[in-house]
Amino acid sequence: MIDLIKKLPKAELHLHIEGSLEPELMFRLSKKNQVDIPYKDIEDVRNAYNFTNLQTFLDIYYAGANVLLTKDDFYDLTWEYILKCVENNIIHTEIFFDPQTHTARGVPFDVVITGIKEALQDAKAKYGITSCIIMCFLRHLSQEDAFETLDAALKYQDDIIGVGLDSSELGNPPSKFKDVFKKAKEAGFKLVAHAGEEADFSYIYEALDLLSIHRIDHGVQSIKSAALMQRLKDEQMPLTVCPNSNIELKVFETYKEHNIKELLDYGLNVSVNSDDPAYFKGYMNQNFINLHENIELSEDDIVTLVKNSFKSAFISDELKEVYLAKVDLALQ
Ligand code: HPA
Ligand SMILES: [Zn+2]
């Protein structure tokens with residue numbers, strides 16, 4: 001099974017580029033940019049990555065992102081993730097970034113987007129990896145702030161395919177961002193939102209009904225509503241599930257309690273993703289391997305999860321066919 005996991009070409013649809021900042025790069029940039037980080041050494045960092053919920057993670061994740069200042073920093077961050085894509089056989093990736101985390105520190109929007117974009121262009125040229133960029137609004141900030149961020153993004157519409165919603169979920173429901181998502185939709189952006197990660201399934205209904213999203217990020221709390229499960233199945237609404245993240249942030253206490261198999265067996269369009277792999281102990285393949293070692297997943301289940309990731313990607317139908325054929329070829 002582990003061989004199968006490794007050899008299948010995969011797409012990643014839920015990856016925060018700031019969450020791929022490995023401690024080694026964090027230390028290097030901290031020295032270069034003279035930005036203090038609250039750790040003496042790598043060991044100290046690993047000890048700090050011991051989360052009890054989403055917020056305890058976010059506090060550390062935003063502190064880590066402080067070391068990113070220049071275009072080269074964002075290039076190096078993205079390039080290191082691309083090397084992980086190569087290792088993990090990820091041939092298409094859709095990357096989230098959080099502009100407000102950087103603009104609030106005085107790092108201009110165009111520095112961030114240009115560094116990420118140039119690394120992704122090189123990834124296509126060197127490895128043939130295709131990609132999209134999705135900009136996320138921080139939901140703990142105001143909708144007014146999100147509107148400003150959307151305005152800044154309008155001139156990068158060739159580079160940014162969609163907008164998303166992330167950060168502290170509880171108390172910041174999708175309804176808070178209804179108007180800015182409407183504007184983003186009118187501007188032609190694809191729409192996604194984190195919903196039903198920690199907060200209950202009412203947030204998923206809001207994301208569907210008030211934000212008109214194309215994909216739900218996480219969405220694991222949908223299992224608590226039979227009516228919602230039926231709707232997600234009927235609509236084949238993609239759920240970008242992140243197993244390691246859910247365990248590290250205590251959404252589920254153990255892998256055995258993770259509900260991905262139930263979601264899949266019910267017929268939902270579920271995929272596997274790494275979310276913030278530098279913080280959650282592993283990249284794409286490790287997520288699959290942890291599932292395999294703890295949950296009865298069949299080979300067909302693994303193939304379905306992988307095919308769902310391509311079917312749900314923001315790419316043309318032609319490219320989807322090409323990629324799905326590559327999956328079939330790898331199975332022969
Ligand atoms: O899993 C997440 N949830 C919400 N916000 C985030 N920002 C990075 N990762 C996450
Ligand atoms: Zn996420």
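This report walks through a predicted model, from its sheet and core to its ligand shell and a few single residues.

## Ground rules

Because the model is predicted, local features need pLDDT of at least 70 and side-chain atom pairs count only at pLDDT 80 or more, while totals for chains, interfaces and linings use all residues. Residues are numbered from 1 along each chain as its sequence is written, and chains are lettered from A and ligands numbered from 1 in the order in which they are written.

## The sheet

Let's start with the strands. An open sheet of 8 strands runs in the order S1-S2-S3-S4-S5-S6-S7-S8, with parallel pairing. Its edges are strand S1 (10-16) and strand S8 (269-272), each of which pairs on one side only. Averaged over the sheet and ignoring direction, neighbouring strands are turned by 25° against each other. Strands here are DSSP runs of E with at least two residues, and helices are runs of H or I with at least four, numbered from the N terminus; two strands pair if DSSP finds at least two bridges between them.

Strand S6 (residues 215-218) is joined to strand S7 (residues 238-241) by 2 bridges, and the two run parallel. Ile-216 has Leu-239 as its bridge partner in S7. From S7 to S8 there are 4 bridges, again with parallel strands, and Thr-240 stands opposite Ser-271 in S8.

The term buried asks for 20 or more other C-beta atoms within 10 Å of a residue's own; 12 or fewer makes it exposed, and anything in between partly exposed, with C-beta atoms placed from the backbone. In S8, Asn-269 and Ser-271 go one way and Val-270 and Val-272 the other, and all are buried too.

Val-272 in strand S8 is buried because 27 other C-beta atoms lie within 10 Å. Leaving aside residues up to four places away in sequence, Val-272 touches Val-241, Pro-243, Met-284, Asn-287, Phe-288 and Leu-305; a contact means C-beta atoms, placed from the backbone, within 7 Å.

## Core and helices

The largest nonpolar core has 87 residues, and Ile-116 and Ala-207 touch the most other members. Such a core is a set of buried Ala, Val, Leu, Ile, Met, Phe, Trp, Tyr and Cys residues joined through C-beta atoms within 7 Å. Not counting residues up to four places away in sequence, Ala-207 touches Pro-174, Ala-193, Ala-195, Ile-213 and Ile-216.

Ala-207 is one of the buried residues of helix H10 (residues 202-211), along with Tyr-203, Ile-204, Glu-206, Leu-208 and Leu-211. Their cover includes helix H9 (178-187), strand S5 (190-195), S6 and helix H11 (226-235). After H10 comes Ser-212, with a positive phi near 55°. Elsewhere, helix H7 (residues 109-127) lies across strand S2 (90-97) and strand S3 (130-138), at about 160° to S3; axes are lines fitted to C-alpha atoms, for helices over the stretch in contact, and angles run from 0 to 180 degrees between N-to-C directions.

## Around ligand 1

The shell of ligand 1 holds His-16, Gly-19, Leu-54, Tyr-61, Asp-166, Ser-167, His-194, Glu-197, Ser-245, Asp-275 and Asp-276, where a shell residue has its C-beta atom, placed from the backbone, within 6 Å. By class these are 2 nonpolar, 5 polar and 4 charged residues. Ala, Val, Leu, Ile, Met, Phe, Trp, Tyr, Cys and Pro count as nonpolar, Asp, Glu, Lys and Arg as charged, and the others, Gly among them, as polar.

With 16 C-beta neighbours inside 10 Å, Lys-281 is partly exposed.

Note on methods:
Contact = placed C-beta atoms within 7 Å.
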